[in-house]
Amino acid sequence: MTDRFHKLAQFFSEAVEAGDIPGAHLSVLYRGERFEWMGGYRDRAAGLPLRGDTLFRVASMTKMVTSVAAMTFVEAGKLDLSDPISRFFPTLADLKVGVTRRDADGTASLVLEPAGRQMTVHDLLRHTSGLTYGQFSDSLVQKAYREAGISAHEQSRDDIIDKLAGLPLAFRPGTTFEYGMSTDVLGWVLEKLADRDLEDVVAHTITGPLGMTSSWFRPPQLRLANIAQSQIDPLTGEVPVLGSRDFYEAGWLSGGHGLFSTASDFTRFAGMLRGRGTLDGARLVSPQTFTWMVSNHLSPDCAYGPDIESFGPLAPTPANGQGFGLGFAIRLDDGRNPLPGSAGDFFWSGLSGTYCWVDPAHELAGLLLMQSPNRHDHYRSVIRRMTYAALN
C-alpha cells in the first residue's frame, strides 16, 4: 500500500501548494500498518507550519467521543437508553412540538402540539430527540433557537437547559432524524451522573485510558498557539468562523462539537474504534456493546429533517444505503452510496473539515484533520476514494 498511499499524500500536498486548503494531517490504519502524512500550515497567514502537536477543532467528531463515553455509563449500570431526559433535567419533561401553519394569505405561524412522549437517552444517541440546531435553515423552530441565543458562549449549561425548556421541538421524539443539540444534552446528562464537568468525564472514560494526552475541551493556555486556523476564503475574502473557536472561554462544554485534539491522539481513538472498543489492552466498552453501537437504530419509517440533504453522501438515509447507530452513521449496503466502502463501515465528520471512518471488513481506519470548512466534502471524498484505491 505504501506507494499508492504516496499518491494520496501528493494530492493533498498539491492542494496546499495551490492554496486550496491551509494544511492537513492524514492517518490511515490498515491491518498492522499505519500510513501518515502531514503538510501545510496551522496558520497560513502567519506562516506557521503544521506540526505533530497542532491542535484541531474536531468539531462534530466530538459526538463520537461523547457517545462512547455514554456507553461506558450504560455498561456500568448508571444509565439506560430508555431513561427519559427529564430524569436528569425535570424542566424538559413537558416539551411541545412546533408545527408551522399557514393562514389564507400564506403567513406562517408556529403552533404548539403535544410531543407524544418524552425524549430518551436513546433518542439523544441516534438524533431522534426532536432537538435541532439554530443555524442551518430558516424554519420557525430554528429561528426561535437563534432568537433565544441558544449557542451563545457567555451562558452556562443550566442557562441553555432553561432555554430549551421554553422552546419547541422540531419533531416528535422518535419519529425523525434531526441533526442538532442531542449530543450536547447527552454530555450534560453525563455531567449530572458523574457530578463533574464533561472535561473530567471524557478524561476518565476515554482520553485517559487511551493515552490521549493532548485532547481537551479547554486546551491549556500554553497550547492555544498550537490551534490550527482556517485561511482566507477566496470567495468571500474572509476567514471562516469555526464553531468551536472559543470553547476554551465558554461557560459550557459541548459534547457535540467542542473537542480539540491532535492527529496522534485522535488516531488512537480511531484505533480503538477499529478494535471494537479496545486498544492496546485498554477496553472502553465490550465488543458486544460496540456491535450494538454500530448497528442501525433508525426505524424503517424514520423521517428526516430538511437539512439532511446538505450531508450529501454522509446522510444516514436509505437512499444512501446508510443508517445511524449510537453515535455513528452506519453503511448498510455495499452499493448505493457514491463513496467506496463496505457494509458495516461507520463514520462521522466535523464541519471544520474533519472526518473519520472505520471499515471492519478491511481492518481499516482513516482520519482526515484539517480546518477548511468550505472544501470538506471534496476532500472527505478524495481521502476515501484514494485510500481504497491503495489497498492491496
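T183 lies in helix α6, which spans residues 182-194. In this predicted model, T183 has a relative accessible area of 2% and is therefore buried, the cut-off for that class being under 20%. Apart from its neighbours within four places in sequence, T183 is in contact with K63, T66, S67, L124, H127, G255 and G256.

Helix α2 covers residues 62-75, and T72 is found in it. T72 also counts as buried, because its relative accessibility is 15% and the limit is 20%. With residues up to four places away in sequence left out, T72 touches T205, L284 and V285.

The largest nonpolar core has 115 residues, and the members that touch the most other members are F12, L164, I206, F269 and L273. Helix α2 supplies the largest share of this core, eight residues. For F12, the contacts beyond four places in sequence are I21, A24, L26, W37, L368, Y379, V382 and I383.

E249 is found in the loop between α7 (198-210) and β8 (260-261). Its relative accessible area is 58%, so E249 is exposed, that class starting over 50%. P219 is 30 residues from E249 in sequence, and the two C-alpha atoms are 9.9 Å apart in space.

Two arginines in other loops call for a look at the backbone. R31 is not a glycine, yet has a positive phi of about 55 degrees. R31 sits in the loop between β1 (23-30) and β2 (33-43). With a relative accessible area of 45%, R31 is partly exposed. R276, likewise a residue other than glycine, has a positive phi near 55 degrees. The loop that holds R276 runs between α8 (263-274) and β9 (278-279). R276 is partly exposed as well, its relative accessible area being 40%.

These sites can now be set within the whole chain. Its secondary structure comes to ten helices and 16 strands. The C-alpha atoms fill a box of roughly 60 × 50 × 45 Å along the principal axes. A compact globule of 392 residues would have a radius of gyration near 21 Å, and the chain, with 20 Å, agrees with this. Among contacts between residues at least 6 apart in sequence, 67% join residues at least 24 apart.

Of the 392 residues, 57% count as buried, T183 and T72 being two named above. The chain exposes about 15,700 Å², and carbon and sulfur atoms supply 50% of that area. As for charge, the chain has 36 positive and 44 negative charges, and the mean positions of the two sets are 3 Å apart.

Note on methods
Residues are numbered from 1 along each chain as its sequence is written. This is a predicted model: local features need pLDDT of at least 70, side-chain atom pairs count only at pLDDT 80 or more; totals for chains, interfaces and linings use all residues. Side-chain values use heavy atoms; hydrogens and water are left out. Helices (H or I, at least four residues) and strands (E, at least two) are DSSP runs, numbered from the N terminus. The radius of gyration is taken over C-alpha atoms; the globule rule is 2.2 Å times the number of residues to the power 0.38. Buried means under 20% relative accessible area, exposed over 50%, partly exposed in between (1.4 Å probe, protein chains only). Contact means heavy atoms within 4.5 Å. Accessible areas come from the Shrake-Rupley method with a 1.4 Å probe; for residues, only the protein chains shown count as cover. Lys and Arg count as positive and Asp and Glu as negative; His and the chain ends are not counted. The place of a charge is taken as NZ of Lys, CZ of Arg, CG of Asp or CD of Glu. A nonpolar core is a set of buried Ala, Val, Leu, Ile, Met, Phe, Trp, Tyr and Cys residues joined through side-chain atoms within 4.5 Å.
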